[in-house]
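Dear colleague,

Please find below the structure that I am handing over to you.

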Amino acid sequence: MTTENEGVLAGARVATRLPAQDLDRARRFYAERLGLEPVDERPGGLLYRCAGADFVVFRSTGTSPGTFTQMAFEVDDIQRVVAELKRRGVVFEDVDVPGFRTRDGIAEVEGNYPSKGARGERGAWFRDSEGNLLGVGEPVV
């Protein structure tokens, strides 16, 4: 039930869509590098589920600009996750701009949303086989 001031989408589930020019290549990347297998598929699309949230990798003739984080995974131990993904061949982005720099692939990000009860976040970014920019984050309490 929604109130007058609440948007009609407030109770909706959010599902990310990531484009892939080569769906077979993307499937291999997500399996071999991230350890994820689709929970379902249809012609031109692979459905993945992580902790109850869905995302789809779909066949597209378009490409992502890869200039912004398109999807992120929130984890409890970013160092362990980054180390495992590196072991699997994932290459993390190096960032070195004033006030924001990665060390060993991980950046310290100041501030966080008050509702998360964290004072900051640690983040790392990598690209999938299709050029989509993905992130890994850990709230810092």
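Just after helix α2, Gly-89 takes a positive phi of about 100 degrees. The model is a predicted one, in which local features need pLDDT of at least 70 and side-chain atom pairs count only at pLDDT 80 or more, while totals for chains, interfaces and linings use all residues. Residues are numbered from 1 along each chain as its sequence is written, and side-chain values use heavy atoms, with hydrogens and water left out.

Helix α2 itself covers residues 78-87, and Ile-78, Val-81, Val-82 and Leu-85 are buried in it (under 20% relative accessible area, with exposed being over 50% and partly exposed in between; 1.4 Å probe, protein chains only). Seen down the axis of α2, these buried residues fall within an arc of 95 degrees, so they line one face of the helix; the arc is that of the directions from the helix axis to the C-beta atoms. Gln-79, Arg-80 and Arg-87, on the other side of α2, are exposed. The buried residues of α2 pack against β8 (106-110), β9 (120-127) and β10 (133-140), contact meaning heavy atoms within 4.5 Å. Helices (H or I, at least four residues) and strands (E, at least two) are DSSP runs, numbered from the N terminus.

Elsewhere, four strands form an open sheet of mixed pairing, in the order β1-β4-β3-β2; two strands pair if DSSP finds at least two bridges between them. Its edge strands, β1 (16-20) and β2 (40-42), each pair on one side only. Strands β1 and β4 (residues 53-59) pair in the parallel sense over five bridges, and Leu-18 stands opposite Val-57 in β4.

Yours sincerely
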